[in-house]
Amino acid sequence: MPKLSDFELVISPLQPPGPGECLVRGVYLSLDPYMRGRMDDRKSYAESVQVGQVMVGQTVGRVVVSHHPALQPGDPVVGNLGWQEQAVVPAKWLTRVDPGRESLSTTLGILGMTGLTAYFGLLRVCQPRAGETVVISGAAGAVGSTVGQIAKIKGCRVVGVTGSQTKASYLREQMGFDAALVWGSEPHGPDRLAAACPDGIDVYFDNLGGSVTDAAVALLNLKARVAVCGQSSQYNLDRPDQGPRWLRNLIIKRAKVQGFLVWDFEEEHPRALRQMRDWLRAGKLRNREHVVEGIENAPKAFVEMLEGRHLGKYLVRLA
Ligand SMILES: NC(=O)c1ccc[n+]([C@@H]2O[C@H](COP(=O)([O-])OP(=O)(O)OC[C@H]3O[C@@H](n4cnc5c(N)ncnc54)[C@H](OP(=O)(O)O)[C@@H]3O)[C@@H](O)[C@H]2O)c1
């Protein structure tokens with residue numbers, strides 16, 4: 001688990017933007033679990049951040065100075081500016097966004113990477129059908145709560161696994177889940193999951209890994225689909241913990257397990273975002289954000305996010 005002393009806040013001069021570059025002032029910084037992986041010196045799908053470098057992160061902000069014809073001062077843009085209030089970056093790193101009547105913050109959450117992860121992980125990887133049982137781990141997080149809502153739109157029965165009674169009530173009462181159960185300190189987790197899924201599990205959307213996943217795999221139905229989106233329970237372990245060896249159950253159930261990255265579907269993002277916006281405006285999707293003020297609070301917020309104490313999408317307001 002990262003500590004506050006692992007971070008340093010540095011004030012440094014900005015170089016003026018050169019040809020093809022823009023100066024951008026950040027408005028919101030997204031905090032996401034993948035950042036923990038970038039702090040490890042381990043081979044992954046992306047480069048690690050080296051000690052002393054600016055921490056990576058997606059920001060939505062506004063162009064202040066543009067030396068590129070495609071962007072004008074004032075334009076709202078999303079880009080990987082890192083944990084910085086302002087940054088000078090090549091214009092090609094930036095995507096102009098149109099938040100419409102939604103808040104700029106949604107372009108990092110439900111109408112951004114988070115929403116797209118839920119959309120493609122559920123609809124493309126798992127292909128749920130009406131009446132099927134969908135189980136989600138890390139269900140009260142930004143991705144999990146969106147997955148559950150999309151599954152409800154598709155007519156599925158949705159069961160969330162979460163970290164506290166408050167979160168379980170939130171999932172049932174505000175996010176429309178059919179059932180939500182608490183994992184962790186409460187005993188008999190696998191039995192309670194089985195009781196919440198009397199017809200077994202057709203789709204398992206995994207944000208967590210660990211013992212929840214072991215229990216879910218034991219309940220899979222014939223031809224079940226499992227999307228491996230995240231493994232949050234493993235990110236702070238030096239060595240992965242050893243669970244039951246359950247691959248045999250995949251043979252018996254002819255189940256499919258697929259890891260995916262939201263970027264695998266990049267060409268289809270615009271169409272998916274239109275659909276998500278329509279659902280949001282029709283009141284079929286609810287958006288929940290947890291906003292912390294000021295970049296100086298980002299390290300504390302990041303640790304809290306890894307502890308899973310929040311509900312919804314974690315953001316830092318920069319300006
Ligand atoms: N594949 C992709 O392209 C992609 C894209 C974005 C995110 N992800 C992954 O998706 C997962 C969810 O992301 P998110 O943005 O929704 O994050 P998030 O808002 O931080 O939610 C994660 C949730 O997981 C639970 N959790 C976190 N750490 C835990 C721990 N150590 N032990 C037990 N429970 C823990 C908490 O929920 P509960 O209390 O409800 O259990 C937390 O709210 C992450 O693993 C992330 O890496 C993958």
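Trainee: Which polar side-chain atom lies 3.0 Å from an oxygen atom of the ligand?

Mentor: That atom belongs to His310. A polar contact is a pair of N or O atoms within 3.5 Å; within protein, one must be able to donate a hydrogen and the other to accept it, and residues adjacent in sequence count only if both atoms are side-chain atoms. Bear in mind that this is a predicted model, where local features need pLDDT of at least 70, side-chain atom pairs count only at pLDDT 80 or more, and totals for chains, interfaces and linings use all residues. Residues are numbered from 1 along each chain as its sequence is written, and side-chain values use heavy atoms, with hydrogens and water left out.

Trainee: Which backbone atoms lie by a nitrogen atom of the ligand?

Mentor: A polar backbone atom of Cys229 is 3.1 Å from a ligand nitrogen, and a backbone N or O atom of Leu306 lies 3.3 Å from a nitrogen of the ligand.

Trainee: Is Arg225 buried or exposed?

Mentor: Buried means under 20% relative accessible area, exposed over 50%, partly exposed in between (1.4 Å probe, protein chains only). Arg225 has 9%, so this residue is buried. A polar atom of the Arg225 side chain also lies 3.0 Å from the backbone oxygen of Lys223.
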